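Colleague: Thanks for making time for this. Could we walk through the model together, one feature at a time?

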Amino acid sequence: MRVAAVDCGTNSVRLLIADIADIADTAREANEPVDIERRMEIVRLGQGVDRTGRLAPEALERTFTAMRSYAKLIAEHAGPSGWMPVRVVATSATRDASNRSEFVAGVTEIFGVEPEVVTGEEEARLSFTGATRGQDTGEPPYLVVDIGGGSTEFVVGSGAVEGALSVDIGCVRLTERHLKADPPEPETVEAAIADIEAAMDRVEAVVPVRDARTLVGLAGSVTTVSGIALGLPAYDPARIHHSRIPAAQVHEVSARLLEMTREERAAIPVMHPGRVDVIGAGALILDRIVRRYGFAEVVVSEHDILDGIAWSLV
């Protein structure tokens, strides 16, 4: 079954077109998706949302431009029938926006399906499915953390989800709120840490995070930290997927990124241009999670909510 999944987050919009075997076939090999297209564009849809509560017109247009190119790819890969199931999921920035109806109308026109502005808890569950289904990610229970632009999802579970919560700490949100200087001043870093710790207090009240044996990290901030820690000469998803980054390296990379200028961050070989401004905040979130819960390492996954959306269509 060929499916198309679109994930529209605060910082990026991504597409996965994949062939997935029938859900009734329980053989692991048969159920592993085969990627046809996997694309990502940094559009910064959440630009200014934390401050204004609205999606900016220029951010909407950047997002729609990327989505139009995705719609063409979906049509090209639909085959003779000209149709495949498509699910478009929007997350933190759109949840928070008072003018999200403009986003919904634009996406519906482009794809012919209405986007689902999912709750934080649903976002967390999709991320967990994408990261763990058919994957060898270590010893369960897992704590899966999906560090996005506007929010971070915390999910604990083994075969099934045992607790999940989405909190409003993300690399774009924390950068716009605190880390505005280049590099950020120590007092603003401390303010960002206070936000992260307060959010983790809320997580611990409802999610059994301390039961987890393996920390699995998702999304661009985590994969970029992995690429830096591995010393890769260029971004390499195959090397990054299921890499294991020791806690000491997470601490070192996070501290280094927060001391760098924009020019220095941009010169890092694995750095996507769209992450240069926000990677310090994303790395800081990962660092505080590792420190608070005492994990010896983070297992990095290239599979995340996008893969969870694809699985949900089968």
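Colleague: Let me start with helix α9, residues 220-230: how many of its residues are buried?

Modeller: Keep in mind that this is a predicted model. A residue counts as buried under 20% relative accessible area. The buried residues of α9 include Gly220, Ser221 and Val222, and also Ile228 and Ala229. That leaves the helix mostly covered, and the number buried is 10 of 11.

Colleague: Which residue just after α9 takes a positive phi?

Modeller: The helix itself covers residues 220-230. Just after α9 there is a phi of about 70 degrees, and the residue that takes it is Gly231.

Colleague: Now the largest pocket, please. Which element gives the largest share of its lining?

Modeller: The largest pocket holds about 690 Å³ of space. Its lining has 35 residues, and among those nearest the centre are Ser12, Arg14 and Gly220. At least two lining residues each come from β2, β3, β6, α9 and α14. The largest share is 4 residues, and the element supplying them is α9.

Colleague: What is the volume of the second largest cavity?

Modeller: This cavity is lined by Pro33, Gly130, Arg133, Gln135, His303, Asp307 and Trp311. By class, these divide into 2 nonpolar, 3 polar and 2 charged residues. The volume comes to about 40 Å³.

Colleague: On to charges. Which residue forms a salt bridge with Asp50?

Modeller: Asp50 is one of the residues lining the largest cavity. In its salt bridge, the closest N and O atoms are 2.8 Å apart, and the partner is Arg177. The pair links distant parts of the chain, as Asp50 is in helix α2 and its partner, 127 residues away, is in helix α7. Asp50 is partly exposed at 31% relative accessibility, and at 33% so is Arg177.

Colleague: Why does the salt bridge between Asp19 and Arg2 tie together separate parts, and how many residues apart are they in sequence?

Modeller: The closest N and O atoms of Asp19 and Arg2 are 2.7 Å apart. Asp19 counts as partly exposed, with 24% relative accessibility, and Arg2 likewise, with 29%. Because Asp19 lies in strand β2 and Arg2 in strand β1, the bridge joins parts whose separation in sequence is 17 residues.

Colleague: Last one: how many salt bridges does the structure hold?

Modeller: Some of them share partners, and one network joins Glu197, Asp201, Glu204, Arg210, Arg288 and Arg292. For the structure, the number of salt bridges is 26.

Key
Residues are numbered from 1 along each chain as its sequence is written. This is a predicted model: local features need pLDDT of at least 70, side-chain atom pairs count only at pLDDT 80 or more; totals for chains, interfaces and linings use all residues. Side-chain values use heavy atoms; hydrogens and water are left out. On a 1 Å grid over the protein atoms alone, a cavity is a set of points where a 1.4 Å probe fits but cannot get out, and a pocket is an open set with protein on both sides within 12 Å along at least five of seven lines; lining residues have an atom within 4 Å of a point. Grid points are joined across faces, edges and corners, and a volume is the space filled by probe spheres set on the points. Ala, Val, Leu, Ile, Met, Phe, Trp, Tyr, Cys and Pro count as nonpolar, Asp, Glu, Lys and Arg as charged, and the others, Gly among them, as polar. Buried means under 20% relative accessible area, exposed over 50%, partly exposed in between (1.4 Å probe, protein chains only). A salt bridge is a side-chain nitrogen of Lys or Arg within 4 Å of a carboxyl oxygen of Asp or Glu.
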